[in-house]
Amino acid sequence: MIRSAILLAFAATSTLAAAAPAATSLSTIAERSGFQNTGRYDEVVDLCARFQKAYPKQVRCFEFGRTPEGRPMLALAVSRTGALTAEQAKKRGLPVMLVQGGIHAGEIDGKDAGFLALREALENKAAPGALDKQVLLFVPVFNVDGHERFGKWNRPNQRGPVEMGWRTTAQNYNLNRDYVKADAPEMQSMLALVNAWDPLAYIDLHVTDGAKFQPDVSIQVEPVHGGDEELKRAGAALQTAVMADLKAQGSDPKPYYISFAADDDPTSGFVDSMATPRFSTGYFPMRNRFAMLVETHSWKDYPTRVRITRNTIVSLLSQVAAHGKEWQKMTQEADARATAMAGADFPISYRTTFNAKTIEFPGYEYTRGYSEVSGGLMTHYDESKPQMWSVPLRDEVVPDLKIAAPKGGYLVPLADAARIGAKLKQHGIAFKVLASDQMAAEVETFRATKTKFGAQSFEGHQSLAVEGDWGRERRSLAKGALFVPIAQPKARLVMTMLEPRGADSLLAWGEFNNAFERKEYMEEYVAEDVARAQLEADPALREEFQKKLDSDAEFNKSQAKRLEFFARRHASWDERYNLYPVMRTAQKF
Ligand SMILES: [Zn+2]
């Protein structure tokens, strides 16, 4: 609130605000340049305040976070209902749509298109009446620091604007991989905004990379392939409706991500998939909410791309106005179903089947030939010669690994409670702190039978993939451990974060790597003695060892593995080695 007042004061004293006529004072540098250029972030600060000043009853400009380089992260709450705070929106049961631009700051169409759509909607020139029935939360630029790393060649595969921002944040995080792990302060601020407003739909505005072809935009929505079964129907309806609106305005939208199955090879066609929860379209279905990924085609010029993105936002405003209440009811029902998920199978991953259909895809004539530069094949497109491609499309997506939800929930031991508790809080996940010690409690534990660490750093993490399954045992827990109940609306997100085999689980991102490192060793000459003593004492073990030598060539060849066979049976063996610290329980605390 205080921040808004400061911004307002800033706008009032700026000479531009005083001199410019009302209509143009809400236009962007992009618009005034015929969409050749885009403004710097100070324009967003300025426009945010101007919109509030021009429409004090319909617009509230506010700061929801600070970037690592100290810039304000701004949002505009826009509605004709009078509800301009999260509390009012919740109290009045109004659907909230969050439209976010510039998560990749070089793909900045969303910022300029959003301000344009906003002005037209406020003037009732676009989506008339839509703002009477919803709250639009517009974040013009998510990656603010990246936006200010401004330059001419930040997007070498993109036509305009002349200069633009950079893909990653000042800390070099790709925010578009960060929804679950939430490393970046920017993402943590976004999650806090989402927790406060609980948007029905989250719209993520991008520009694609990739080949040259005719279609100008892709519209992907979830739940469609994954998430709550009932919500999938509404998700598909939203996707179909927005695509129909765009088609009526001359676009050729596609419902899948338009990148070739094999890099640089147009004949390989396309493969649709369910995004993992590191992406918005994978994350929001885990909260039983809708997400839409809009990717305008990078080789369309900036005026064209902004127009398409603006058309998409306008269509969404109309869709939410028409169906928002009904979809809101559906998400509440999905929340109730998720809360009752205990014991039910939950798909932790999805896969695209090999069922392919042949589609006619409007491309361009192209040649592929030997390149003396790269020494490999190179593709050259001729954009003056449209050509229909008959290519395969695989778009049948099915659940892959299904895991039964715990009957009670997850237990996070005291040693990990502080850091994991903080992460759960960022997502608004409910948990309890155990008030007393639990002695020899019946729990499920996950002892990895196989582990594979990532060979290289990814987003500053070393990943870990584990094999194995949950098994019953008794373990003690100290008071202060966390109980994360499965009986909560965000049950899907709980499982996404805490099931060790999930692609974006905290374990997969390397948050528990320490538990999978061997820390104490037996000297080889000691291990020899231990092995001989065990062989001497137990003929059955001798037989088992011999069987392993005969059947497992890798084992037979490895001195270390042969000695470990016996060390594992010795009292000195670390029983916590490869034990995932998080447990499951059937109990409700
Ligand atoms: Zn992008």
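Colleague: What should I know before I start?

Modeller: The model is predicted; local features need pLDDT of at least 70, side-chain atom pairs count only at pLDDT 80 or more, and totals for chains, interfaces and linings use all residues. Residues are numbered from 1 along each chain as its sequence is written, and side-chain values use heavy atoms, without hydrogens and water.

Colleague: Into which domains is the protein divided?

Modeller: Domain bounds come from an automatic or database domain assignment. Here they are domain 1 (58-339), domain 2 (351-399), domain 3 (402-518 + 577-585) and domain 4 (524-567). The centres of domain 2 and domain 3, taken over C-alpha atoms, are separated by 42 Å.

Colleague: In what order do the 8 strands of the open sheet run?

Modeller: Strands (E, at least two residues) and helices (H or I, at least four) are DSSP runs, numbered from the N terminus. Two strands pair if DSSP finds at least two bridges between them. The order is 1-2-4-3-5-9-6-7, with mixed pairing. Strand 1 (59-66) and strand 7 (253-254) are the edges, each pairing on one side only.

Colleague: How many bridges join strand 5 to strand 9?

Modeller: There are 7, between residues 201-207 and residues 290-296, and the two strands run parallel. Ile 203 stands opposite Met 292 of strand 9.

Colleague: Are strand 12 and strand 13 parallel or antiparallel?

Modeller: Antiparallel, with 14 bridges between strand 12 (residues 357-370) and strand 13 (residues 377-394). Thr 358 has Pro 392 in strand 13 as its bridge partner. The hairpin has 6 residues between the strands, and Gly 375 takes a positive phi near 80 degrees there.

Colleague: How do I read two packed helices?

Modeller: They are described by the angle between their axes and the distance between the axes. Axes are lines fitted to C-alpha atoms, for helices over the stretch in contact; angles run from 0 to 180 degrees between N-to-C directions. Helix 7 (residues 109-122) and helix 12 (residues 302-339) have axes that come within 8 Å and cross at roughly 50 degrees.

Colleague: Which word describes how helix 7 and helix 12 lie to each other?

Modeller: They are therefore oblique. Angles under 35 degrees count as roughly parallel, over 145 as roughly antiparallel, 65 to 115 as roughly perpendicular and the rest as oblique.

Colleague: Which residues meet?

Modeller: Contact means heavy atoms within 4.5 Å. Among those of helix 7 are Asp 109, Leu 116 and Glu 120; helix 12 brings residues including Tyr 302, Arg 305 and Leu 317.
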